[in-house]
Amino acid sequence: MALDDELLPCGASLADLWEDGAPAPGHEDCPYCRDSLAELGRLDQAVHQALAVRDLPAPDLAARVMDLVRTELRPGRLVPLGAADADDWITETAATRLFRQAADTLPGVAAGSCRITAAREPARYLLPGAPLPRVPLRVRLEVAVDLSRTVPEVAAAVRERVLDAAHAVIGLDIAEVDVSVVDLLDEGTDDGAGDGTGEGSG
Amino acid sequence: MSDEQPGAAPPGRPDAAPAARADAPAAPVREDDLLVARASEGDDEAFEILVRRHTPDLLRLARRLLGSDAEAEDAVQDAYVSAWRRLPEFRRTAAFSTWMYRIVTNRCLNVLRARRPTQPLESMTVEPAAPEYLSSPARAAESAASAEALHRALAGLTPEQRACWVLREFHGLTYDEIAAAVGIGEPAVRGRIFRARRYLTEAMATWR
């Protein structure tokens, strides 16, 4: 019997009856059970009708939300650009946006998390939010891919796009690009050409 | 991955599930995960896609809980701003939609709790009116009248009963997910849904 309960004159628990949606064994022909289920059925019908009513959208709500969000952007750390004596920087968010877009231009590839770190552990501890030092940099990019190509092929293509974009667009030389396949996309080509071995993505 | 199925069919009530599913978000969960990862790293464009994708459903939830368009829009807006701030700590153990349901429900419960004591008893017979969004002239009269009666009846529930019942019947959440969204245990969820059904079946019988 349920915690918060009420018994029908026939002794059946109303809470159980409504949760099960059918009379308990022995109550199949019970008029009390049948009436109580009919009552719930009428409520269900009202729910169906309410779901069928078309509601009015609030067209500007998403835009309003984004106006607020963009007053609180998180640009991330500064990433050094140019020669050793230069004082040029790009925010990590802007750079990773470029890398994700570069990966997204490949068919059957969708980019997720993207991070920029020093290729090797820095000699000194970096404070959170401190600019990255002028050292060789590593990009870690997570992607979801379809099965039109093998994972090593996709990883190589993504790596090439990221390196090209970094060099051509912002003049940033990346030492290493780690590509991790974190998911498979359903859509895209369905010719099943790739064997998707899942290895050699690093 | 059970976290990612907010609309799992309720046991024993096969008639209720399809209706709820019809209204639940048809969001591609997998794609959400990529966007959430991007947004949590500061990609506002990824966040905007999530906002545009989930706003219709969250707004419907807030309207059903609050019965007021203006308050519902404020609740959803506040929930998104809060989500944006908390995204870097979001552990992705739940689907983004489930997480947002939780934040919006929480906001709405706070509004409802703050509203209740100041509302004089006699006003309950006329207030709150059915939400403005149901007043469209293009509606099907029968459905709209029934929906209005139902929304008026919802005002007679406690905030928690209302939240549990709406999440269950309109949005197809599991008891488990409702417990997390409302911040109470699963037996308490079952109890509140039963009380809500008890009240609403009587209210709807009067209407007819």
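**Figure 1. The two domains of chain A.** The centres of domain 1 and domain 2 of chain A, taken over C-alpha atoms, are separated by 57 Å. Domain 1 covers residues 14–53 and domain 2 covers residues 78–185, with bounds that come from an automatic or database domain assignment. The model is predicted, so local features need pLDDT of at least 70 and side-chain atom pairs count only at pLDDT 80 or more, while totals for chains, interfaces and linings use all residues. Residues are numbered from 1 along each chain as its sequence is written, chains are lettered from A and ligands numbered from 1 in the order in which they are written, and side-chain values use heavy atoms, with hydrogens and water left out.

**Figure 2. The interface of chain A and chain B.** Chain A contributes 56 residues to the contact and chain B contributes 60 residues; contact means heavy atoms within 4.5 Å. About 5,400 Å² is buried between the two chains, 54% of it on carbon and sulfur atoms. Buried area is the accessible area (1.4 Å probe) that two parts lose on being put together, summed over both. Of the area that chain A buries against chain B, 13% is supplied by A:Glu19, A:Leu51 and A:Arg74, more than by any other three residues.

**Figure 3. A salt bridge between A:Arg100 and B:Asp43****.** These two side chains meet at 3.5 Å, N to O. The rule finds 13 salt bridges across the interface of chain A and chain B, each a side-chain nitrogen of Lys or Arg within 4 Å of a carboxyl oxygen of Asp or Glu.
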